[in-house]
Amino acid sequence: MQVMTGAVRKAGRKLARDFGEVEHLQVSKKGPADFVSTADAKAEEILFEELSKARPGYSFLMEERGLVEGTDKSHRWIVDPLDGTTNFLHGQPHFAVSVALEREGELIAGIVYNPATDDFFHAEKGRGAYMNDRRLRVSGREHFDECVIATGMPFAGKSGHAKFLTELHAIMPHTAGIRRYGAASLDLAWVAAGRFDGFFERGLKAWDIAAGIVLVREAGGYAGSLDGSGDVLETGHIVAGNEFVFGELKKRLAQVGK
């Protein structure tokens with residue numbers, strides 16, 4: 001955790017400085033409504049250098065670099081240097097650095113850090129989840145109509161809009177509200193903190209959700225495959241919440257299209 005914390009905070013300091021001058025950033029499009037900035041690339045470079053220096057040989061799975069094989073096949077860093085890039089580029093202070101560690105295929109540690117608010121979420125398997133120094137627990141709500149659920153919708157250029165709208169229609173009328181904030185790692189961290197009661201989304205990447213999964217589970221919640229089959233890091237179809245919300249979301253979403 002010390003290694004991860006040092007790397008994440010260093011990358012976060014750079015992002016915080018760039019966020020203050022967001023209008024001056026050089027920006028290039030890498031796909032419809034999906035931007036990569038100089039800040040994104042620099043944050044990933046910092047994380048790669050710091051983590052490689054501290055743990056030479058570990059493999060990486062990173063948003064920009066992709067899979068980088070190391071000599072140590074039992075450990076892998078899963079890194080998103082800037083989750084919520086669109087928020088960042090529009091001056092919205094809801095974005096995060098996300099780093100998880102996988103050992104022998106099992107997620108064992110995760111950090112999600114929002115440099116704009118200094119909310120530092122961290123968790124290690126068997127040791128609980130925390131925001132800064134405060135222990136986290138998922139919400140205890142067990143009435144779906146009292147729950148606030150977070151989600152993400154397919155952005156321009158991605159498929160799945162029709163299915164998402166159908167699923168949203170099946171969920172939204174029965175809740176206290178739906179939120180779409182645009183950074184899955186923070187959505188999961190907020191589930192761990194009890195700010196959201198649950199979360200679901202399809203088609204995410206491993207770096208979007210790996211650290212958040214550790215946080216939710218260590219905060220006493222559940223995070224797994226939305227469809228009930230396959231590795232959630234592979235499918236990217238995720239649902240999370242306390243035991244009740246996790247089950248209720250899966251049940252209601254499974255009924256869509258039947």
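Residues are numbered from 1 along each chain as its sequence is written, and side-chain values use heavy atoms, with hydrogens and water left out. In this predicted model, local features need pLDDT of at least 70 and side-chain atom pairs count only at pLDDT 80 or more, while totals for chains, interfaces and linings use all residues.

Helices (H or I, at least four residues) and strands (E, at least two) are DSSP runs, numbered from the N terminus. Helix α2 covers residues 38-54, 17 residues in total. Its first and last C-alpha atoms are 24 Å apart, close to the 24 Å expected at 1.5 Å a residue; the expected span is 1.5 Å times one less than the number of residues. Residues are classed as buried under 20% relative accessible area, exposed over 50% and partly exposed in between (1.4 Å probe, protein chains only). The buried residues of α2 are Ala-39, Asp-40, Ala-43, Glu-44, Ile-46, Leu-47, Glu-50 and Leu-51. Viewed down the helix axis, these residues fall within an arc of 160°, so they line one face of α2. The arc is taken from the directions from the helix axis to the C-beta atoms. An α-helix has 3.6 residues a turn, so residues three or four places apart point the same way.

In helix α4 (residues 161-171), Phe-164, Glu-167, Leu-168 and Ile-171 are buried. They cover an arc of only 105° around the axis, which puts them on the same side of α4. Exposed Ala-162, Leu-165 and His-169 lie on the face of α4 turned away from the buried side.

Twelve of the 13 residues are buried, so α6 is largely enclosed by the rest of the structure. Among the buried residues are Trp-207, Asp-208, Ile-213 and Glu-218. Gly-220, which follows α6, has a positive phi, near 90°.

The structure holds ten aromatic pairs. Rings of Phe, Tyr and Trp (its six-membered ring) pair if their centres lie within 6.5 Å; planes under 30 degrees apart count as stacked, over 60 as edge-to-face and the rest as tilted. Phe-48 and Phe-60 form a tilted pair, 4.7 Å centre to centre with 50° between the planes. This pair links distant parts of the chain, with Phe-48 in helix α2 and Phe-60 in strand β3 (residues 58-62), twelve residues apart. Phe-60 is buried, with a relative accessible area of 2%. One aromatic cluster is formed by Phe-19, Phe-88 and Phe-95.

The second largest pocket has a volume of about 230 Å³. Its lining includes Met-1, Arg-55, Trp-77, Arg-103 and Glu-124. Helix α1 (2-19) and strands β6 (96-103) and β7 (106-114) each supply at least two lining residues, and α1 gives the largest share, three residues. The lining divides into eight nonpolar, one polar and three charged residues. Ala, Val, Leu, Ile, Met, Phe, Trp, Tyr, Cys and Pro count as nonpolar, Asp, Glu, Lys and Arg as charged, and the others, Gly among them, as polar. A pocket is an open set of points on a 1 Å grid over the protein atoms alone where a 1.4 Å probe fits, with protein on both sides within 12 Å along at least five of seven lines; lining residues have an atom within 4 Å of a point. The volume is the space filled by probe spheres set on the points.

Leu-136, in the loop between β10 (134-135) and β11 (148-151), is buried, with a relative accessible area of 0%. Glu-21, in the loop between α1 and β1 (27-31), is partly exposed at 48%.
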